[in-house]
Amino acid sequence: MSGVTIETDATDNPSEAVEVLRRVFGYSEFRGRQADIIEHVIGGGDALVLMPTGGGKSLCYQIPALVRSGVGVVISPLIALMQDQVDALHALGVRAGFLNSTQDFQARRQVEQAFVDGELDLLYLAPERLRLEPTIQLLERGKVSLFAIDEAHCVSQWGHDFRPDYLGLSELHERWPDVPRIALTATATKATHGEIAQRLNLEQAEHFVASFDRPNIQYRIVPKAGANQQLLALIRTEHAGDAGIVYCLSRASVEKTAQFLCDNGIKAVPYHAGLDARTRSTNQSRFLREDGLIVVATIAFGMGIDKPDVRFVAHLDLPKSVEGYYQETGRAGRDGLPSTAWLAYGLQDVVQQRKMIDSSEGDEAHRRKQSRHLDAMLALCETVECRRVQLLNYFGQSGEKCGNCDTCLNPPESWDGTVPAQKLLSTVWRLDRERNQRFGAGQVIDILLGKRTDKVVQHRHDQLTVFGIGADLSEAAWRGVVRQLLAQGLLTVEGDYGTFALTTASDDVLGRKREVMLRRESEKVARAAVAKPKKTAAVDMPAEAAPVFEALRAWRGAEAREQGVPAYVILHDATLRQIATLMPKALSDLAGVNGVGETKLARYGQGVLDVLAEFR
Ligand code: ADP
Ligand code: ZN
């Protein structure tokens with residue numbers, strides 16, 4: 001393949017970076033702090049970059065690697081994605097290769113030789129390879145222009161992505177003191193930030209913390225009421241034919257949900273750690289390559305998935321932390337087009353997660369930490385404020401009411417729930433004090449509603465003075481009350497059966513020392529997904545451009561299949577939309593479109609113009 005001819009003299013001239021951005025990547029300008037970061041690394045400085053998913057981290061090391069003399073070495077834990085990353089770079093005319101355990105001897109030799117000969121711009125390595133002496137010797141035989149440490153939060157021992165091999169990366173600096181290091185992550189809390197800096201020996205590096213806002217993602221959290229049907233409604237009314245990720249907590253619900261979608265005529269595949277490696281890799285690769293496929297997955301899926309046109313991320317179970325939620329939802333809309341992050345959450349989620357924390361391994365400190373994570377997640381779910389503001393605050397950043405989340409779009413009313421709260425808490429109190437019994441949500445709500453179920457009669461709960469005192473609210477409303485009391489810490493669940501217990505704060509409510517404000521849930525919202533008309537992803541394109549866009553997509557699909565690469569490696573949706581809107585007549589016009597660099601213009605320019613010719 002032909003390489004891009006790049007001036008290889010190290011220089012701190014920022015215009016060279018802009019020149020590469022335009023010529024190789026076909027983008028007109030840098031985003032956010034990209035320019036500062038790139039300039040800093042080109043100048044030989046170390047950097048720690050915190051930027052949300054889709055923020056444009058890759059360019060921050062790819063451009064310095066192209067500008068500086070030598071080969072940029074990228075350390076990434078995502079072996080299964082290296083081939084795609086390298087294919088995407090080849091499509092841009094960048095000389096890239098990888099070394100990992102999936103290769104045969106011959107392929108490895110070739111890449112090693114290219115590295116030593118300086119015929120690569122970028123070399124991708126799995127962190128475990130740096131533990132091997134032959135790898136170190138290889139790197140010493142060539143010239144390294146920079147080390148990029150991708151997914152740097154993998155060094156954090158508390159995070160769920162911890163990779164022990166990342167700890168060894170702190171030694172890079174000792175061996176190659178003159179080679180700049182740039183560590184990148186989309187995980188943003190202060191604690192993780194500090195831990196990365198310390199463990200990777202980057203305290204002296206310049207830290208670049210971008211805004212964590214993802215304005216094109218619409219955040220919505222709805223009460224769970226038949227989650228599968230709600231999901232189906234969401235897909236049918238707003239995301240028909242779109243690619244999406246659905247997260248479930250357990251493998252069993254992953255399988256069931258994927259099957260449910262297929263039974264309803266929606267293309268979906270499962271992904272979880274219990275599937276064999278082959279099925280997993282086939283399903284992942286189909287997701288990357290096919291248009292409009294849905295993956296139903298546990299959190300084992302998604303890190304490093306750089307498919308730009310994931311239009312929605314749905315959670316059918318409550319994520320364990322705001323950090324996890326943010327990472328997962330962040331996989332939607334990397335291309336900047338409108339996307340949805342949708343979460344259905346119910347009482348059972350809270351009960352289940354409390355149970356999981358109580359029975360989890362690890363010491364008390366670890367459990368307390370998990371508990372704090374859950375509390376923050378619940379607070380996000382039950383807030384009456386803008387979800388985005390709440391998310392940004394969580395990451396130590398500020399924001400304004402966004403106008404693009406459910407609480408901004410349909411401001412929830414809050415209501416004085418003190419009396420229902422007292423009724424519920426006193427039922428729990430009576431069961432405990434008068435009968436020395438503990439029950440979970442179902443029984444307590446049945447008592448409040450005055451239902452003579454078998455279990456109620458058997459325990460003679462219809463004799464309690466509180467029996468039937470809550471008949472003025474529906475069962476769904478009571479479940480909402482319970483959930484919110486749990487979220488506010490006015491009630492707690494304990495033990496294997498998730499039975500209710502009072503907290504110290506409950507006493508204040510029972511003693512009329514505090515009011516309880518609750519969020520009103522309309523019954524309608526509880527039943528269906530918010531089926532309000534939403535602007536679709538096509539907002540930025542006039543109606544007459546739609547058929548052109550579809551034709552371009554079909555052409556792109558054929559090209560991608562022929563080359564065996566994901567469609568977005570050829571050209572992104574956002575680029576195709578712009579082409580369909582502008583209808584360029586000549587190659588020189590096409591060159592001005594964002595995302596069409598030199599190599600892509602040469603390879604696909606005529607193909608694109610041929611498609612457009614049909615519409616003139
Ligand atoms: P991250 O790794 O931070 O999640 P990527 O590096 O994958 O993000 O970039 C996200 C998307 O934004 C990609 O499709 C990329 O091509 C695009 N992008 C990055 N920088 C720019 C830019 N300056 N102008 C236009 N598009 C950009
Ligand atoms: Zn908002």
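Modeller: Ala, Val, Leu, Ile, Met, Phe, Trp, Tyr, Cys and Pro count as nonpolar, Asp, Glu, Lys and Arg as charged, and the others, Gly among them, as polar. This is a predicted model: local features need pLDDT of at least 70, side-chain atom pairs need 80 or more, and totals for chains, interfaces and linings use all residues. Residues are numbered from 1 along each chain, chains are lettered from A and ligands numbered from 1 as written, and side-chain values use heavy atoms, without hydrogens and water.

Biologist: Which residues come nearest to ligand 1?

Modeller: A residue is near if one of its heavy atoms lies within 4 Å. Around ligand 1 there are 15 such residues. Tyr27, Gly54, Lys57, Ser58 and Arg334 come nearest.

Biologist: How does the shell around ligand 1 divide into nonpolar, polar and charged residues?

Modeller: Four are nonpolar, seven polar and four charged.

Biologist: Which helix gives the most to the shell?

Modeller: Helix 3 does, with three residues. Helices here are DSSP runs (H or I, at least four residues), numbered from the N terminus.

Biologist: What lies 2.6 Å from an oxygen atom of ligand 1?

Modeller: A polar side-chain atom of Tyr27. It makes a polar contact (N or O atoms within 3.5 Å). Gly56 brings a backbone N or O atom to 3.0 Å from a ligand 1 oxygen. For His572, a side-chain N or O atom is 3.4 Å from an oxygen of ligand 1.

Biologist: How much of ligand 1 does the protein bury?

Modeller: Alone, ligand 1 exposes 560 Å² (Shrake-Rupley, 1.4 Å probe). The protein buries 86% of that.

Conventions
A polar contact is a pair of N or O atoms within 3.5 Å; within protein, one must be able to donate a hydrogen and the other to accept it, and residues adjacent in sequence count only if both atoms are side-chain atoms. Helices (H or I, at least four residues) and strands (E, at least two) are DSSP runs, numbered from the N terminus.
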